[in-house]
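Please keep the sequence and the model at hand while reading.

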Amino acid sequence: MSQAPGSPPLQTQGPYYPLRVLEVVRETHDACSLVLEIPSELGETFDYSAGQFLTFRVEVGGKRLVRCYSLASSPVTDSAHKVTVKRVDEGRVSNHVNDRFVVGTVLEVMKPAGVFCLQEREDEPERPIVLFSGGSGITPVVSIIKTALATTRRPLRLLYANRDEASIIFREEIDALAAAHPDRLAVVHSLDDRDGFVDLPRARDFAAGSLGADFYICGPGPFMDVAEAALAELSVPADRIFIERFESPDDELPVDAQAADSGNGVAVTVTLDGKTTEIDCGPEETILQAARRAGLEPPFACEEAYCGCCMAMVKDGEVEMKMNDGGIDPKQIEQGWVLTCQGVPKGPARVEYPD
Ligand SMILES: Cc1cc2nc3c(=O)[nH]c(=O)nc-3n(C[C@H](O)[C@H](O)[C@H](O)COP(=O)(O)OP(=O)(O)OC[C@H]3O[C@@H](n4cnc5c(N)ncnc54)[C@H](O)[C@@H]3O)c2cc1C
């Protein structure tokens with residue numbers, strides 16, 4: 001849900017907090033940044049690490065959609081929280097944000113989450129950092145760059161791919177950082193209309209210059225595939241590679257009924273958007289899978305226990321999570337929240353998604 005400027009602030013709804021847009025920055029013809037106001041009482045809740053994202057819940061065309069947006073600000077060098085949203089062709093939320101959000105808009109936001117973060121290397125404080133970024137994939141990457149420049153002595157190299165000159169988000173900011181740190185930050189811009197798409201040899205050559213580095217990759221699917229393939233060819237160990245995928249959940253796609261075993265008959269009562277439905281959860285089937293199989297449309301995004309989008313409150317019964325990769329914190333678990341993408345009911349249960 002988002003709210004027009006001038007209306008009274010929204011109340012907190014479960015894991016969502018109402019935040020006001022303080023500033024809208026037009027970055028390029030197809031991307032804008034939102035600077036968000038964090039009330040002082042939420043300061044700690046919204047503390048974040050460089051590279052983390054926020055989850056927005058936005059109403060578009062009568063449907064509540066959940067989307068993640070990385071923080072492009074640095075927790076160390078920037079005073080405000082800033083996300084940057086690039087239009088996706090026919091994309092519902094990204095175009096809604098670019099077209100409709102103005103100073104004063106209030107939107108529902110979850111606290112920062114995500115594991116695509118600047119890793120501390122106390123054992124090797126000068127280990128280089130190599131970053132592959134394409135298009136809007138620059139958002140967490142620029143946060144990592146600013147933070148690493150300010151808090152470490154590590155050298156950084158960025159390969160930044162864009163369609164054309166006009167599409168480069170944060171061009172001035174990044175070039176100014178490189179100019180201010182000529183011995184620490186090297187930036188190579190790759191433009192599709194000038195250089196063609198980044199291919200395997202170019203990605204490999206770029207990475208080969210810093211084989212002992214940590215590697216960060218974020219961008220469009222094919223760009224990320226090339227970067228990953230280059231690192232595989234160079235035998236870079238997996239624990240030095242960090243990847244963020246900017247995917248929307250397939251919220252329109254039916255769940256493959258075969259993928260979930262529905263034969264056990266554990267009854268789970270699900271309240272979603274004020275409507276209560278009884279669903280049937282198979283052995284090892286998660287509540288999210290069973291709910292979608294039953295035709296419900298609960299919120300979700302990563303399905304890997306790190307974004308927190310699919311959280312619901314357990315009102316009755318016991319629900320065990322297969323894993324938690326930071327999507328929910330111990331305090332929330334204590335309060336009864338569960339990640340439904342990981343939650344398997346141990347017997348009949350009742351869960352409620354936040355309004
Ligand atoms: C961790 C994370 C961080 C992210 N950070 C950022 C960020 O910093 N900046 C940023 O801009 N984005 C970011 N994203 C991506 C963002 O969350 C959204 O996925 C993106 O904005 C597109 O959402 P949308 O609602 O506009 O598009 P959607 O409406 O979800 O559409 C996406 C695509 O699917 C197609 N589509 C839509 N509906 C259908 C349908 N019914 N059938 C077939 N195809 C359909 C559309 O044509 C479009 O091409 C991030 C994603 C993740 C997971």
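Predicted model: local features only at pLDDT ≥ 70, side-chain atom pairs only at ≥ 80, totals over all residues.

Strand β13 (residues 266-272) and strand β14 (residues 275-281) run antiparallel and are joined by seven bridges. Leu-272 has Lys-275 of β14 as its bridge partner. The hairpin of β13 and β14 has two residues between the strands, and Asp-273 takes a positive phi near 50° there.

β13 also pairs with strand β19 (residues 349-352): these two run parallel, with four bridges between them. In this pairing, Val-268 stands opposite Ala-349 of β19. Strand β15 (residues 311-316) is joined to β19 by three bridges, and the two run antiparallel. Here the bridge partner of Val-314 is Val-351 in β19. Strands of a sheet pair through backbone hydrogen bonds, in either a parallel or an antiparallel arrangement.

## The parallel sheet

Another open sheet has five strands in the order β10-β9-β8-β11-β12, and its pairing is parallel. β10 (185-191) and β12 (241-244) stand at its edges with a single partner strand each, so one side of each has no neighbour in the sheet. Ignoring direction, neighbouring strands of this sheet are turned by 10° against each other on average.

At one of the pairings in this sheet, strand β11 (residues 214-218) runs parallel to β12 and is joined to it by four bridges. Tyr-216 has Phe-242 in β12 as its bridge partner.

## Packing of α5 and α6

Two packed helices are described by the angle between their axes and the distance between the axes. For helix α5 (residues 200-208) and helix α6 (residues 221-233), the axes come within 8 Å and cross at roughly 60°. That angle makes α5 oblique to α6. The crossing of α5 and α6 is right-handed.

On the α5 side, the contact is made by Leu-200, Ala-203, Arg-204 and Ala-207. On the α6 side, the residues are Val-226, Ala-227, Ala-229, Ala-230, Leu-231 and Glu-233. By class, the residues of this contact between α5 and α6 are eight nonpolar, no polar and two charged.

The domain assignment of the protein gives domain 1 (2-112), domain 2 (129-244) and domain 3 (257-352). Taken over C-alpha atoms, the centres of domain 1 and domain 2 are separated by 25 Å.

How many residues of domain 1 are in contact with domain 2? There are 18 from domain 1, in contact with 15 residues of domain 2. On the side of domain 1 that touches domain 2, β2 (16-28) and β6 (81-86) are the elements that give two or more residues. β6 gives the most to this side, with three residues. The side of domain 1 that touches domain 2 divides into eight nonpolar, eight polar and two charged residues.

Key. Residues numbered from 1 in each chain as written. Axes fitted to C-alpha atoms, helices over the stretch in contact; angles between N-to-C directions. Parallel < 35°, antiparallel > 145°, perpendicular 65-115°, else oblique. Left-handed = near helix turned anticlockwise from the far one by under 90°. Contact = placed C-beta atoms within 7 Å. Nonpolar A, V, L, I, M, F, W, Y, C, P; charged D, E, K, R; others polar. Pairing = 2+ DSSP bridges. Domains from an automatic or database assignment.
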